Amino acid sequence: MSETSPSSFDATVNLAGLQLKNPILTASGTFGYGAEFATFGDLASLGGMVVKGVSLERRRGNPLPRIAETPSGMLNAIGLQNSGVKHFLSHSLPKLPWQETAVFVNLYAQSNAEFAELTAILAPAPGVAGFEVNISCPNVNCGGMVFGQDPEAAAEVTAAVVNAAAGKPVIVKLSPNVTDIVAIAKAVEAAGAKA
């Protein structure tokens with residue numbers, strides 16, 4: 001039985017067309033913009049980071065309290081609080097090791113046009129490796145319907161982001177609160193989502 005030394009182990013994976021050094025990625029809703037966790041370990045050792053949601057303009061989020069502990073975990077309703085895309089590009093992204101680790105930006109918008117505009121602003125940034133489309137949030141332009149509950153709406157928003165992404169990979173964050181997630185997954189894949 002031969003042993004493989006840790007330095008010779010190949011953990012690379014291909015995700016959405018990007019070669020990552022390992023399959024460890026952070027989750028968008030729990031990792032903030034990433035720099036907050038630099039004291040806990042080397043961020044560059046991650047396969048990638050998916051930063052918290054970014055919108056066109058600053059969002060205050062939900063009023064406090066936003067987090068409640070339960071016997072089986074916690075519940076949160078942050079309300080997609082963020083400083084907006086301009087602040088993200090000028091303050092948050094430069095603090096991340098994007099030269100060594102893929103950075104995916106979680107996108108939040110309320111219409112296909114807003115998603116496309118947001119993507120077009122972020123796509124030229126050299127530190128942005130790809131996008132995660134958050135389609136589990138309410139789409140107010142469709143009477144409160146959630147993008148992620150309708151295959152056609154999910155495909156339309158995916159296509160809008162793909163068309164503005166300048167060839168960078170698009171991942172779609174699907175909602176589990178649906179009757180048939182397979183239909184939605186197939187719709188976003190057909191619209192150009194890579195994962």
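Contact here means heavy atoms within 4.5 Å. By that rule, and leaving aside neighbours within four places in sequence, alanine 195 is in contact with Leu15, Ala16, Val170, Ile171 and Val172. The model is predicted, so local features need pLDDT of at least 70 and side-chain atom pairs count only at pLDDT 80 or more, while totals for chains, interfaces and linings use all residues. Residues are numbered from 1 along each chain as its sequence is written, and side-chain values use heavy atoms, with hydrogens and water left out.

- Alanine 195 lies in the segment after H4; helices (H or I, at least four residues) and strands (E, at least two) are DSSP runs, numbered from the N terminus.
- At 44% relative accessibility, alanine 195 counts as partly exposed; buried means under 20% relative accessible area, exposed over 50%, and partly exposed in between (1.4 Å probe, protein chains only).
- Alanine 16 is in the loop between strand S1 (13-15) and strand S2 (18-20), and is buried, with a relative accessible area of 13%.
- Although alanine 16 is not a glycine, its phi is positive, at about 55°.

**Other backbone features**

- Alanine 166 also has a positive phi, near 55°, in a residue other than glycine.
- Alanine 166 belongs to the loop between H3 and strand S8 (170-173), and its relative accessibility of 64% makes it exposed.
- Leucine 64 and proline 65 are joined by a cis peptide bond, with omega about 0°.
- Proline 65 sits in the loop between S3 and strand S4 (67-70).

**Nonpolar cores**

- A nonpolar core is a set of buried Ala, Val, Leu, Ile, Met, Phe, Trp, Tyr and Cys residues joined through side-chain atoms within 4.5 Å.
- The largest such core has 36 residues, and those with the most contacts inside it are Phe88, Val105, Leu107, Phe115, Leu122, Phe131 and Val133.
- At least two residues of this core come from each of S3, helix H1 (85-92), strand S6 (102-107), H2, S7, H3, S8 and helix H4 (181-190).
- H3 gives the largest share of this core, four residues.
- Another core, of six residues, lies apart from it, and Ala16, Leu20, Val50 and Ile171 are among its members.

**Aromatic pairs**

- Rings of Phe, Tyr and Trp (its six-membered ring) pair if their centres lie within 6.5 Å; planes under 30 degrees apart count as stacked, over 60 as edge-to-face and the rest as tilted.
- The count by this rule is four aromatic pairs.
- Phenylalanine 31 and phenylalanine 37 are stacked, because their ring centres are 4.5 Å apart and their planes are at 10°.
- Phenylalanine 31 is buried, at 11% relative accessible area, whereas phenylalanine 37 is partly exposed, at 29%.
- The rings of phenylalanine 115 and phenylalanine 147 form an edge-to-face pair, because their centres are 5.6 Å apart and their planes are at 80°.
- This pair ties together parts that are 32 residues apart in sequence, because phenylalanine 115 lies in helix H2 (residues 112-122) and phenylalanine 147 in the loop between strand S7 (130-134) and helix H3 (151-164).
- Phenylalanine 115 is buried, with a relative accessible area of 0%, and phenylalanine 147 is also buried, at 3%.
- Beyond neighbours within four places in sequence, phenylalanine 115 is in contact with Leu107, Tyr108, Ala109, Val133, Asn134, Phe147, Val157 and Val161.
- Ring pairs also link Phe31, Phe37 and Phe40 into a cluster.

**Alanine 164 in helix H3**

- Alanine 164 lies in helix H3 and counts as buried, at 18% relative accessibility.
- Leaving aside neighbours within four places in sequence, alanine 164 is in contact with Ala116, Thr119, Ala120 and Ala123.
- Alanine 164 and glutamate 117 are 47 residues apart along the chain, and their C-alpha atoms are separated by 7.6 Å.
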